[in-house]
Amino acid sequence: MLLATALLGTFFSGTATRIVSISMPTVAQSLGTDLLGVSWALLSYQLSNIGLSVIFGRISDLWGREKMFALGFLVFAASSLFCGLSQTLLQLIFARFFQGVGGAMLQSSSRALASESVPEELAGRAQGSMTTAHHVGFILGPSIGGLMIDYFSWRWSFFLLAPVGFAGALLALANLKQRRHVEKRRRMSIDYLGAALLFAITTSLVFLFDRRTQQMIGGSTQIFLLLTVVGSLAAFLTHESRTENPFVNLNLFKIRRFSFSVISLLVIAMCYSLTGFLLPFYLQDVLHLSPTQVGVLFMAPSVLTVALAPLSGYLTDRLGPRVPATCGVVFMIFSLAVGGFLRADSHWMLPALLIVLGAMTNGIFNPANSTAMIGMMAREHRGFASAVNHVTFGFGNVLGVALGGLSMSLAFEYQTGIKVAQMTAENPAGFVGALNTTFIAAIVFCVIGIFTSALRGGEKPLQAEPLPLSRQSGVS
């Protein structure tokens with residue numbers, strides 16, 4: 001029942017993300033705004049979702065994961081109703097912010113719940129099931145959202161999420177009632193200053209690197225955001241190292257298996273996001289494929305991930321996470337290497353091969369790496385580890401788009417001598433040359449991922465006692 005709750009949560013979040021994304025153009029038209037205006041509705045969700053995930057993950061360690069999960073379902077369901085009822089763009093932006101709060105509550109602890117639902121020897125298969133559930137939601141989301149828009153209205157894209165959310169809350173509460181005797185946590189005071197500084201760091205980073213935000217704000221604002229990140233980070237590290245009850249146990253990052261897994265995930269998320277961001281421009285503007293054809297090609301990653309994630313989970317249980325995670329990074333290198341051979345007149349099968357190899361990375365790497373980060377962490381730190389997993393993947397996506405755009409611009413200017421404000425494929429040779437350079441440069445990051453995956457450390461789960469804690473008060 002605990003695993004079913006976790007699977008419903010991750011399926012729900014995957015479906016909700018895609019349902020909402022596909023309805024945004026219709027929403028903009030209905031509310032009398034443009035693409036830039038409705039982007040704030042997307043950004044507000046991203047800010048609260050990424051900015052609060054680690055905070056809620058840590059609170060779930062102290063308060064109880066089932067409670068956090070039930071509350072997350074309730075907040076997401078209620079805010080979805082308000083999204084559907086919104087009459088102005090400002091109302092939608094606020095409703096989406098609180099929807100992101102509910103999403104952060106769900107996604108920060110979902111993989112930790114999955115780890116605790118099975119014996120340790122099945123931790124890999126539990127994480128494989130979570131990856132499968134999330135991508136099944138990704139596959140179904142656009143179809144469900146399209147049907148709602150075509151036969152009802154965009155508001156039903158949000159209304160549909162509410163009953164599922166309320167049902168999830170009931171399931172989580174029923175599970176909490178069953179397990180009340182299992183979860184006994186010692187009450188601790190929460191470090192609110194540490195949580196506030198952490199929120200400032202994460203939200204400022206999203207603003208700083210998000211492509212939509214860069215189009216909305218000026219250069220002076222970006223400098224201010226950079227100073228905010230540096231100042232907040234310095235204050236956070238100083239405060240957390242001195243306070244009696246730190247919000248984040250910084251000593252967890254001294255565990256090589258955990259810190260190396262974080263680096264590996266960041267690298268893979270960046271490269272995967274970079275590919276997903278740039279390749280549609282190549283397929284549509286250079287090879288002149290139709291949007292429908294491009295959409296069909298990009299269904300392959302989720303389908304292959306659904307197929308490969310259970311296998312990765314099984315191999316992780318048998319061999320440990322190191323081998324499948326490292327193999328996943330190797331597939332990403334092969335995928336990026338194919339990108340180095342793309343030409344302006346390439347057959348569509350070549351970029352299709354790139355997409356397939358990248359999808360194999362996603363299906364093989366994610367369950368194994370999640371097991372290394374979460375399933376093998378001491379129980380009282382799994383909520384934090386689960387949240388770091390989610391936030392790292394989110395930041396990797398944001399950084400991949402930002403670095404991909406920057407690399408394309410610099411490479412295009414170097415090869416053609418033409419400085420452009422926005423990248424276009426009006427010069428196919430220059431665009432493809434810049435694309436080749438960007439993919440080859442991304443291989444350098446993947447080499448780092450190979451080392452961090454292969455050298456991440458031991459395979460046995462950690463218990464609370466061996467953690468290199470400087471103060472016992474750092475443990476809940």
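Okay, a definition to start: a patch here is made of residues with over 30% relative accessible area and no salt bridge, where like charges are joined within 9 Å and nonpolar side chains (Val, Leu, Ile, Met, Phe, Trp, Tyr) within 5 Å. A salt bridge is a side-chain nitrogen of Lys or Arg within 4 Å of a carboxyl oxygen of Asp or Glu, and accessible areas come from the Shrake-Rupley method with a 1.4 Å probe, with only the protein chains shown counting as cover for residues.

Before we look: this is a predicted model, so local features need pLDDT of at least 70 and side-chain atom pairs count only at pLDDT 80 or more, while totals for chains, interfaces and linings use all residues. Numbering runs from 1 along each chain as its sequence is written, and side-chain values use heavy atoms, leaving out hydrogens and water.

So, the surface. Ile263, Leu403, Leu406, Leu410, Phe445 and Ile448 make a nonpolar patch of about 510 Å². Which helix gives the largest share? That's α16, with three residues. Helices here are DSSP runs (H or I, at least four residues), numbered from the N terminus. Both α16 (382-416) and α17 (428-454) supply at least two patch residues each. Take Leu403, in α16: its relative accessible area is 34%, so it counts as partly exposed. That label sits between buried (under 20%) and exposed (over 50%), using a 1.4 Å probe and protein chains only.

Now inside. A nonpolar core is a set of buried Ala, Val, Leu, Ile, Met, Phe, Trp, Tyr and Cys residues joined through side-chain atoms within 4.5 Å. The largest one has 75 residues, and Phe258 and Tyr282 touch the most other members. Helix α11 (residues 256-286) gives this core its largest share, 13 residues. Skipping neighbours within four places in sequence, Tyr282 has contacts (heavy atoms within 4.5 Å) that include Leu287, Leu342, Phe431 and Leu435. There's also a second, separate core of 31 residues, with Phe69 and Ile93 among them.

Last, the rings. Phe, Tyr and Trp rings (the six-membered one for Trp) pair if their centres lie within 6.5 Å; planes under 30 degrees apart are stacked, over 60 edge-to-face, the rest tilted. How many aromatic pairs are there? Five. In one, Phe69 and Phe73 have ring centres 5.4 Å apart and planes at 85 degrees, so that's edge-to-face. Both sit in helix α3 (residues 65-85), four residues apart, and both are buried. Phe152 and Trp156 make a tilted pair, 6.0 Å between centres and 45 degrees between planes. Phe152 is exposed at 54%, while Trp156, at 43%, is partly exposed.
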